[in-house]
Amino acid sequence: MQSTTPTADDDPRGESILSIRNLQTVFRTDHEHIRAVDGISLSISPGETLGIVGESGSGKSVTARSIMGLVDAPGEVLPESSIVFDGTELTELSADQYQEVRGSGVGMIFQDPLKSLNPVYTVGNQIREALRINRGITGQEATDVAIDLLEDVAIPDPERRLDEYPNEFSGGMRQRAVIAMMLACDPDVLICDEPTTALDVTIQAQIVELLQDIQAERDLAILFITHDMGVIAEISDRVNVMYAGEFVEKAPVEELFANPKHPYTQGLLDAIPGTSVDDERLNTIEGDVPTPNQPATDCRFAPRCPKAFEDCTEVHPTHVSVSDTHDHSTACLLYPEGKSRTERVEHHRSQAPADTQGGAQE
Amino acid sequence: MSQQSIQSTADADQHSQPLVEVTDLKKHYGDGGRFSGPPVKAVDGVNFEIQEGETLGLVGESGSGKTTLGRTLIQLETATEGTVSFDGRDITKLTGSDLKQWRKNAQIVFQDPDSSLNDRMTIGEIVREPLDAHDWNSPAERRDRVKELLSSVGLQADHYYRYPHQFSGGQRQRIGIARALALEPEFMVLDEPVSALDASVQAKILNLLEDLQDEFGLTYLFIAHDLSVVRHICDRVAVMYLGKIMEIGETEELYADAKNPYTRSLLSAIPRPDPTIDRNRITLPGAPPSPRNPPAGCQFSTRCPAKIRPEAYADIDDDTWSRIEQFREVVRERTRDQMGVRDRVKRRLGTFSKYDDIEEAADDLFADVDLPAGITDTVDTAIEAVKDGRPTEAHDALTREFGGVCDTERPDMHQVSDAGRLSYCHRHDSEYDSVADTLADRSHE
């Protein structure tokens, strides 16, 4: 894995297909600005899966929609944000140009497949439409390609299934059909927003396996968003833990589960039931995810954090590397390890951008 | 067989009378009327019992009938057949005021805390409603009781005058629990109470449910599709598939060493929060069949990884065999289609062509494997029959040739452990290899 400091997000190897810097998405309401995504940075290389995990309300889905250019008023992606896909700065694109990117570069799969499928058209019709618009394939050729695509996503008897309507498909098959529609656009990056949350475990296992196969075949970069730590462990190469619009910890997946550093990550892992045999009570994280409506001047997790001390409410933590061997960083005043509390606080204070514009940037 | 086994379980359990005893319970929908299709067999003959103070988990995929079973237990649905006895009394026969009186004993917490609370009532009114309905004491006492309930589920007394939209998902679920507790029930059905919640909130609700059980001596039926949650909270677990209990037994034992092929597949599919784990996942093919048209033999036979093959085909390699199984499933799917009048006429005239695409499906499956001659003949006959518009004939022919005991006969419940665990599978018959051996064999090849 990458052995550089957290600035690996700058993508020193120049391999990343999608790279996001300081993404800020705000929703303007009458009396406040909700900073749903507050200065996050990430990058994904082809063939890699980056997982984003967090509770509801942490800003995961808004991140996905911001990348896809699907944030509508009153929401807005602030001008300081940068989303670079394959060398193109997406935030500067016009609506038409963005549509082009959505068509062929970045695909997205949503939680509820029924909402991505039109109930009054057959599945075949919808896949052929995607082929016509994005790749200009029509007629019999489109039908043949559509059959191949359904076969790729392991739908049995595809010729027949093409003529069926979404309501004739089971939940798992609908999600497969949506994936087939995405593949029709031949994307380089696939954003999956809780694609298995609505499915049963056996079907979830099928879909996860399918995504892994497709990824290996097509060298896809996948951004996988979920709140399920189990699924994250299974599918991701690297994981970013999101809390109140910011990433609080970033690490390769094995490292994150073996050595979670941020108290929030530790809390999330402890709250998983059924992992151990003993009959003890589950650990919980008190309180709820706050709605960030001010630039962060403190640690947003401090009110719920079991390890918080007074400085946590005054200094905004920045990402510090917490491992010599892995690309593992966390934004918490408990780190860097081995230093006194005053030194640590001073470290974070000095790193904080003067204009306090920022979230957890490096 | 099943009756005997159940008797012996009862003996094993400290000789006490169970609080809830379910016998051959069935719930069918859409049964009756000359022109109605076959009924949906949501619950199709289940037997189990719940001891006092125990938590029984009920797990299964969506559509397995677990919610229907839970609702039938507390008489929100009327059973089609079978009995539910509660403290020795058959409650499926209760009506009128007897039923209303009994309902105090059994309450339910619903899955979705958004839709199970009336948005136009205050929290106080919502929690007080069961007390009002049963004319419990004086209004002043009811109000005090509600405040007491709110505090026992971790809310504050001044929440009494607020409305549901002012609460988060976890808090709403607490309100639902307070309402269920109002009449001091002995038995509670928890229908996926934590599925809609985040992990950390989930943990709080689970802790609360455990505390309440200790405090009030409650008996729970805990319905969930999340197997890790069930492992944490339940004493015993029943695994359901297509209206039938596949395996039932003590939680730890069942999780550590599942005997039924379905339970094993289900457990192997749980995503583990441990990226280093080296696992042997069994990925089941396809989706569960429709409960309107369940397989004639074992309900799980269309997806079972340990299905018994007929003697004659024991030596065929697994890949070829799984293709044959897939082909059978394709044909079985076609038997579901209702044929219109025009198609029937065409069929009679021999010009029927709607099903010609079966050939392509067969090609896809068999193009790159060498089928032994005998198999090719059967497959070809089936293809012809389907093309002629007679998929049912084709399906029957395939079943005659390739079907084993799993396709034709319903299994019995077999006792599979000393603690009285039961499992629904033909492989527990001594004449067949065990499930564990078969799965190990098949995954090796």
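At what angle do the axes of helix α5 (residues 139-152) of chain A and α7(A) cross? In this predicted model, the two axes cross at roughly 125 degrees and come within 9 Å.

**Helix α7 of chain A and its partners**

- The crossing of α5(A) and α7(A) is right-handed.
- On the α5(A) side the contact consists of A:Leu149, A:Leu150 and A:Asp152, which meet A:Ala180, A:Leu183 and A:Ala184 in α7(A).
- Sorted by class, the contact of α5(A) with α7(A) has five nonpolar residues, one charged residue and no polar residues.
- Helix α4 (residues 123-135) of chain A also packs with helix α7 (residues 171-184) of chain A, with axes that come within 8 Å and cross at roughly 20 degrees.
- The angle is under 35 degrees, so α4(A) is roughly parallel to α7(A).
- α4(A) passes α7(A) in a right-handed crossing.
- From α4(A), the residues A:Val123, A:Gln126, A:Ile127, A:Ala130, A:Leu131 and A:Asn134 meet A:Ala177, A:Ala180, A:Met181 and A:Ala184 of α7(A).
- The contact of α4(A) with α7(A) has eight nonpolar and two polar residues, and no charged residues.

**A helix pair in chain B**

- Helix α6 (residues 169-181) of chain B packs with helix α7 (residues 199-216) of chain B at an angle of about 20 degrees, and their axes are 10 Å apart.
- With an angle under 35 degrees, α6(B) and α7(B) are therefore roughly parallel to each other.
- α6(B) and α7(B) have a right-handed crossing.
- B:Gly169, B:Gly170, B:Gln173, B:Arg174 and B:Leu181 are the α6(B) residues that meet B:Val201, B:Lys204, B:Ile205, B:Leu208 and B:Leu212 in α7(B).
- The contact of α6(B) with α7(B) divides into five nonpolar, three polar and two charged residues.

**Contact between chains A and B**

- Chain A has 41 residues in contact with 38 residues of chain B.
- On the side of chain A that touches chain B, at least two residues each come from α6 (158-161), α7, α8 (201-218), α9 (229-235), α10 (253-258) and α11 (263-270) of chain A.
- α8(A) gives the most to this side, with six residues.
- By class, the side of chain A that touches chain B has 18 nonpolar, 12 polar and 11 charged residues.

**Domains**

- UniProt, in an unreviewed entry, lists residues 21-269 of chain A as "domain: ABC transporter".
- Over residues 21-269, chain A is 42% helix and 25% strand, and the end C-alpha atoms are 28 Å apart.
- Chain B is assigned domain 1 (2-269) and domain 2 (311-403).
- Between domain 1 of chain B and domain 2 of chain B, the C-alpha centres lie 44 Å apart.

**Backbone details in chain A**

- A:Tyr335 and A:Pro336 are joined by a cis peptide bond, with omega about 0 degrees.
- A:Pro336 is in the loop between β13 (329-331) and α12 (341-351) of chain A.
- A:Asp219 has phi near 55 degrees, a positive value in a residue other than glycine.
- The loop between α8 and β9 (221-226) of chain A holds A:Asp219.

Definitions and conventions
Residues numbered from 1 in each chain as written. Chains lettered and ligands numbered in written order. Predicted model: local features only at pLDDT ≥ 70, side-chain atom pairs only at ≥ 80, totals over all residues. Axes fitted to C-alpha atoms, helices over the stretch in contact; angles between N-to-C directions. Helix = DSSP H or I, 4+ residues; strand = E, 2+ residues; numbered from the N terminus. Parallel < 35°, antiparallel > 145°, perpendicular 65-115°, else oblique. Left-handed = near helix turned anticlockwise from the far one by under 90°. Contact = placed C-beta atoms within 7 Å. Nonpolar A, V, L, I, M, F, W, Y, C, P; charged D, E, K, R; others polar. Domains from an automatic or database assignment. UniProt positions renumbered as here; feature names shortened; annotations may be inferred.
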